[in-house]
Amino acid sequence: MADDAYGATVAKRRLACRVSAMRLRAGMSLNEASDKLGWSRGRLDRYERDEWRLPDASHVRDLARIYQASDSERVELEDLGRLARERVWWRSYEDVFGKGNEFAGFENDAARISVYMPLVLPGLLQTRPYIEALLAVGPWPPPWRERALAARLRRQQILDRADGTAPRLIAVITEASLLYRWGTPADRRAQIGHLAAVSARPDVELRMLRFADGPHPGMSSLINIFDFPGDADPPVVYLENDTDITEVTRPAEVAAYKNTFARIREAALPPAATLAHLRNLSTTQE
């Protein structure tokens with residue numbers, strides 16, 4: 001049974017960085033290394049850009065050989081390759097996430113997740129009826145909606161991990177995301193109650209942007225920032241819209257989105273005031 005395989009996506013990314021650095025150290029161009037390997041042109045470039053699906057063990061050994069890796073380097077590469085090949089649940093949901101999209105994997109492996117969406121609640125915080133209401137307004141056929149629902153509920157399980165790998169979640173939500181009419185009043189109250197309950201967890205920081213506080217930074221941004229445990233794994237930003245999820249890895253662009261998120265977070269109510277406002281909203285749902 002495929003599971004979380006914590007670290008598999010980061011291991012694949014780290015492996016791509018390692019083999020790229022070793023090629024440069026060896027003074028080889030992509031074409032020279034490809035010729036030594038007997039590979040078609042373009043394959044190694046895809047590997048170094050982390051566009052391999054699963055790193056083949058023999059390929060990893062061949063790369064270590066031509067770059068004259070030390071014993072410790074070879075062991076590290078093989079260990080990274082082994083972890084990267086672990087079976088993970090999200091690879092069976094390419095129809096939902098998109099082929100080659102690593103969003104769910106980076107979310108799974110993140111030490112800290114910073115998320116802001118201006119008009120809907122973040123997927124990690126949605127109740128089942130809320131998810132169903134959102135999916136119902138899209139153009140997707142019922143079988144796809146069922147798959148998307150299952151994938152989103154599966155993603156949420158990372159917050160329940162008790163082995164020390166649960167991420168720190170910093171979520172900024174808006175009052176707008178809670179005032180749309182959907183489902184029944186009971187469904188809407190249950191969603192607000194769920195937010196209140198999740199916000200009480202020690203590893204969750206929930207903040208709200210209210211209408212009463214006026215315009216704020218990030219009015220049209222949809223930001224997911226994934227930070228990882230070690231400095232060797234730089235953060236990744238994902239931007240979402242109705243039809244696509246875009247990965248951002250350029251350091252300057254990542255820094256810009258981090259700065260935007262920091263301004264959004266600062267503009268929002270602090271956690272205690274957010275909880276109080278949620279409790280007030282729950283009494284006014286009709």
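## Contacts of Phe226

Contact here means heavy atoms within 4.5 Å. The model is a predicted one. By that criterion Phe226 touches Phe103, Phe106, Glu107, Ala110, Arg112, Ile113, Pro235, Val236 and Tyr238, leaving aside residues up to four places away in sequence.

## Nonpolar cores

Phe226 also belongs to the largest nonpolar core, which has 30 residues. Together with Leu169, Leu178 and Leu195, Phe226 touches the most other members of this core. Two or more residues come from each of these elements: helices H7 (103–109), H11 (185–199) and H13 (271–282), and strands S1, S2 (168–174), S3 (204–209) and S5.

A second core is separate and holds 21 residues, including Leu44, Trp52, Ile66 and Ala84.

Strand S4 spans residues 223–227, and five of its five residues are buried. In a regular strand the side chains alternate between the two faces of the sheet. On one side of S4 lie Ile223, Ile225 and Asp227, and on the other lie Asn224 and Phe226; all are buried, and both faces are covered.

What pairs with S4? Strand S1 (residues 112–116) runs antiparallel to S4 and is joined to it by five bridges. Within this pairing, Val115 has Asn224 as its bridge partner. Strand S5 (residues 236–240) also pairs with S4 in the antiparallel sense, over four bridges. There, Ile223 stands opposite Leu239.

## Positive phi in two loops

Most residues other than glycine have a negative phi. Asp50 has a positive phi of about 60 degrees, although it is not a glycine. Asp50 is located in the loop between helix H3 (43–48) and helix H4 (57–66).

Gln68 is another residue other than glycine with a positive phi, near 55 degrees. The loop that holds Gln68 lies between H4 and helix H5 (71–84).

Buried or exposed: how do Asp50 and Gln68 count? Asp50 has a relative accessibility of 16% and therefore counts as buried, the cut-off being under 20%. Gln68 is exposed because its relative accessible area is 69%, where exposed means over 50%.

How values were computed. Residues numbered from 1 in each chain as written. Predicted model: local features only at pLDDT ≥ 70, side-chain atom pairs only at ≥ 80, totals over all residues. Heavy atoms only, no water. Buried < 20%, exposed > 50% of the residue type's maximum accessible area, 1.4 Å probe, protein only. Pairing = 2+ DSSP bridges. Core = buried A, V, L, I, M, F, W, Y, C linked by side-chain atoms within 4.5 Å.
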